[in-house]
Amino acid sequence: TAIGKNSQSSEVAAAIVETENSTEEETLVVPDDPLETDAYPEVNALVKKYYQAMADGDLETLSGIMTGLDEKEQIKITKKSEYVENYPTVICYTKKGPLEDSYIVYAYYEVKLVDFENLTPGMNELYVCKNDAGAYYINGETQDDKTIDYCEMISAQDDVVDLVNTVQVKYNELKSVDTELC
């Protein structure tokens with residue numbers, strides 16, 4: 001996922017995303033709220049369940065907690081799980097999403113790979129929504145332009161860019177020590 005690009009001012013983050021509909025114009029305000037750490041227990045539990053299912057290659061569980069899981073992605077998950085022992089560390093950094101009860105989650109993880117001693121840091125951006133039954137799920141569907149623009153603007157906020165850079169530095173430091181890590 002493309003999680004951060006360039007650091008941009010909070011003025012940009014507070015901009016308004018405008019999209020023309022066939023009948024009306026909608027505006028979506030992008031808030032400049034700070035990242036929250038492990039602030040939503042239900043979201044945290046969902047993300048941890050997601051990573052456990054990824055480590056296990058458990059496509060049944062993944063299909064129950066996320067949308068947009070196509071056959072190609074299922075094959076990648078199954079293959080990747082052969083190299084993953086577990087995700088002992090998962091931290092959820094969240095920002096409010098564009099819809100009510102939705103969140104953009106920057107999931108920091110440390111993964112234990114098979115035959116590697118060191119834990120490998122990484123991060124994924126996940127779009128978490130609430131379904132009609134009131135349960136949270138990871139929305140992996142292709143989003144409309146308005147939602148994409150909103151997520152890109154959130155990802156360009158200074159605190160998100162700083163978080164992404166911190167994770168990248170941790171990864172680069174490990175890579176310089178562990179030459180087998182690609």
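## A residue in a loop

D32 is partly exposed, with a relative accessible area of 40%; partly exposed residues fall between the buried ones, under 20%, and the exposed ones, over 50%, as judged with a 1.4 Å probe and protein chains only. The residue belongs to the loop that links strand 2 (25-29) to strand 3 (36-37). Although D32 and Q157 are 125 residues apart along the chain, 7.6 Å separates their C-alpha atoms.

## Basis of the model

The model is predicted, and local features need pLDDT of at least 70, side-chain atom pairs count only at pLDDT 80 or more, and totals for chains, interfaces and linings use all residues. Residues are numbered from 1 along each chain as its sequence is written, and side-chain values use heavy atoms, with hydrogens and water left out.

## Overall fold

The chain contains 6 helices and 8 strands, which are DSSP runs numbered from the N terminus (helices: H or I, at least four residues; strands: E, at least two). Their order from the N terminus is α-β-β-β-α-α-β-α-β-β-β-β-α-α.

Of the 182 residues, 42% are buried. Where contacts (heavy atoms within 4.5 Å) join residues at least 6 apart in sequence, 59% of them link residues at least 24 apart.

## Nonpolar cores

The largest nonpolar core has 29 residues, and V43, V47, Y50, Y51, L62, Y87 and V105 touch the most other members. Such a core is a set of buried Ala, Val, Leu, Ile, Met, Phe, Trp, Tyr and Cys residues joined through side-chain atoms within 4.5 Å. Two or more residues come from each of helix 2 (41-56), helix 3 (59-65), strand 5, strand 6, strand 7 and strand 8 (136-139). Helix 2 contributes the most, namely 8 residues.

Beyond its neighbours within four places in sequence, L62 is in contact with Y50, A53, M54, L69 and I77. A second, separate core of 16 residues has L28, V30, M123 and M153 among its members.

## The second largest pocket

The lining of the second largest pocket comprises 15 residues, with Y109, P121, G122, M123 and Y171 nearest its centre. Strand 5 (84-96), strand 6 (103-113), strand 7 (119-130) and helix 6 (158-177) each give two or more residues to this lining. By type, the lining holds 11 nonpolar, 3 polar and 1 charged residues; Ala, Val, Leu, Ile, Met, Phe, Trp, Tyr, Cys and Pro count as nonpolar, Asp, Glu, Lys and Arg as charged, and the others, Gly among them, as polar.

A pocket here is an open set of points on a 1 Å grid over the protein atoms alone, where a 1.4 Å probe fits, with protein on both sides within 12 Å along at least five of seven lines; lining residues have an atom within 4 Å of a point.
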